[in-house]
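I opened the notebook to go through the covalent and charged side-chain links one at a time. For each pair I wanted the partners, the distance and the exposure of the residues.

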Amino acid sequence: MLPPGFVKKRATQSVTNRQTTASCLQQAMGAPTSSINVAGISSALATGTRGRRRRRDIQCDKTDRSGTAIVFDVALNYPKNLSCQSIPCQIKAFISIHESFNAVTNINLPADDGTNIPIELCHVESYPNGNTNNDDNANGIVVEPCTAVCQNGGQCTGSNTCTCATGWSGDTCTLAICTSGCQNGGTCTAPNTCTCTNGWSGDTCTTELTTSSTTTTTTSKTTTKTTTRTTTKTTTRTTTRTTTKTTTRTTTGTTTKTTTRTTTKTATGTTTGTTTKTTTKATTTTTTNKLTTTITTTTTTTTSTTTTTTTTTTTTTTTTLCTLSSQSTWSQTGTTIFGSQAGTSGSTLSLLNTPIGMYYDQPNNNLIVSDFQNHRVLQFSLINAPSVATVIAGSNGAGCGLNQFTTPIGVGLDSSGQLNVADTTCNRLIRFPSNSNSTISGTSVGSVSGAEQLSINALTGDIYVVSYSGNAVYKFAGGSGSPVVAAGGNGAGSGLTQLSSPNGVYYDYLYTNALYVTDANNNRVMKYPSGSTSATSGTVVAGGNGSGSGANQFNSPRTVLVVSSGALYISDAGNNRVTRWLPNATGGTTVVGGTLGTASNQLNFPETILFDKNGNLLVVDRGNNRIQLFNLTTC
């Protein structure tokens, strides 16, 4: 209630500043900052005596005075920056504020003219959730049921909102956070815990396991020769000779003997004698010859048994990859791993014509390059480079069809292996399925005016695309939907919320959780915090000292990289060099290049730069139509 004499307030003593009033109420109630929001200020008549009153008048129950009352519409908020975000903590805080409103009887409010107006508490009413239904509440607090199922120790802090425990994120706290990221295809499966793919180990999957196998083959040839020659030749010769000789000899002899003897006496006598002699001679000869011959025939059976014994000895060598430092150095002589060493352009699958963008597919050790003048995107292996490339998108002439490009620049694979390409002249971001080729059409993700380089946040799937002509960086949240401005977008200029013809973008989700942009026409590199918008001011972290070749200058910076030490690596195209800027440095040092030409130690307008898994520096040497590799010499 206003004090006596303030029934009609002077204009200069009006109370209309809701923010100032809210701060004053918070201080008087001992409430946390941002917990009290004054939604409206009005006035009404109030009476301190019981009895009949007009309906619109206020019945005071905290004072017996009557008069003019200031009516504050107060909404209570629970600040997100408080350490405890649980429902019990919120209820406790709201109850405490309600109790303070009922207990504090007098406060001073600043008027618009700066003077203080002493006011006295008249009446407090609670309207939970903006209505007058006070069922199921305590002192004006309604506890709504939580529909979200919060995981991994997360607590429900709203009807469908989870406040996650440290190390977890996501709507229901199911996404683990690995502050250093998981490399080489590893997956963050628990807070600061990476599950690595085959061949990698370590906290962040940066330790390579090299397995060499020694195979010893022992061939044992056992020949078993068993000769069993069994020839059984049985000759049975049975000769039976039976000779039967029967000789019958019959001799019949008849002898007639007549004897005449003349004597005085005559006597005549005849003697007849017959002799028969029969000789029978029977000879039987039986001859039996039995000949039995047994011959042994040899049958030769040769059995060859070959026994091969293979002994494999596996030796596992653990190789820890180099972590780049401020002392890292590279060979000053580059090797052409793709394209023409002499800088010749071409359209065959071993040549390039104005390459610009590049992406390193580390798990497969492949390089993906946007070949601008050939209107295509190529992929080739870094194993036994140089090798012949394959076309994975485009190569169907210049155009804005879904299987064509006009000016392909930024390229990158998302977590699903899909190819994302920024096409400048067609003002778009287009996506192709994994394992695509020149016959496959892409899908338009969205429009970006003068789309140049892109960067993908592997943790969230957000895609950042530079708008060269729009002087901005756009973000496709989760890789889809309508893009929103993440940096710039306030016209061409050199202010901290402005960009001028930006070209490169890099979102560092591993180390600094920040967005970096090469601001080409301003010859500087800008850094923006996570969640930045068009209203966010950037910080100049390199350059910004005009165009030139000095150590603290750039001449059209193109792309930027950030390593674990926080050092920046920047391709300085107009100076034909790659430079390194340490954290908080006022100047950079040349890493490779520095002179224009086609020699192995020279560059011609370098564009995209990357590091392979061994720390070697890869450079798109645009003007020389080649990809150069500079070997890491000092870690």
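Does Cys 400 count as buried, partly exposed or exposed, and at what relative accessibility? I looked this up before anything else, keeping in mind that the model is predicted, and found that Cys 400 counts as partly exposed because its relative accessibility is 46%, which lies between the 20% and 50% limits.

**Entry 1, the disulfide of Cys 400**

I then followed Cys 400 to its partner and noted that Cys 400 and Cys 426 form a disulfide with their sulfur atoms 2.0 Å apart. The angle about the S-S bond is -95°, and I recorded the link of Cys 400 and Cys 426 as left-handed. Cys 400 sits in the loop between β22 (390-394) and β23 (408-413), while Cys 426 sits in the loop between β24 (419-423) and β25 (428-432), so this pair ties together parts that are 26 residues apart in sequence. Cys 426, for its part, is buried, with a relative accessible area of 12%.

I searched the whole structure for disulfides and the count came to seven. Among them is the pair Cys 182 and Cys 194, with sulfur atoms 2.0 Å apart, and the link of Cys 182 and Cys 194 is left-handed, with -85° about the S-S bond. I placed Cys 182 in the loop between β9 and β10 and Cys 194 in strand β11 (residues 193-195), so that the pair ties together parts twelve residues apart in sequence. Both Cys 182 and Cys 194 are buried.

I also looked at Cys 178 and Cys 188, which form a disulfide with their sulfur atoms 2.1 Å apart. The link of Cys 178 and Cys 188 is right-handed, with 90° about the S-S bond. The pair links distant parts of the chain, with Cys 178 in the loop between β9 (175-176) and β10 (187-190) and Cys 188 in strand β10, ten residues apart. I noted Cys 178 as buried, at 5% relative accessibility.

Turning to charged pairs, I found that the structure holds eight salt bridges. In one of them the side chains of Glu 607 and Arg 622 meet, with an N to O distance of 2.7 Å. That pair links distant parts of the chain, since Glu 607 is in strand β39 (residues 606-611) and Arg 622 is in the loop between β40 (617-621) and β41 (626-630), 15 residues apart. Glu 607 counts as buried at 0% relative accessibility, whereas Arg 622 is partly exposed, with a relative accessible area of 23%.

I next checked Arg 577, which forms a salt bridge with Asp 572, and wrote down 2.8 Å between the closest N and O atoms. Arg 577 counts as buried at 9% relative accessibility, and Asp 572 counts as buried at 0%.

I recorded Asp 423 as buried, with a relative accessible area of 0%, and Arg 428 as buried, with a relative accessible area of 7%.

Conventions
Residues numbered from 1 in each chain as written. Predicted model: local features only at pLDDT ≥ 70, side-chain atom pairs only at ≥ 80, totals over all residues. Heavy atoms only, no water. Salt bridge = Lys/Arg side-chain N within 4 Å of Asp/Glu carboxyl O. Buried < 20%, exposed > 50% of the residue type's maximum accessible area, 1.4 Å probe, protein only. Helix = DSSP H or I, 4+ residues; strand = E, 2+ residues; numbered from the N terminus. Disulfide = S-S within 2.5 Å.
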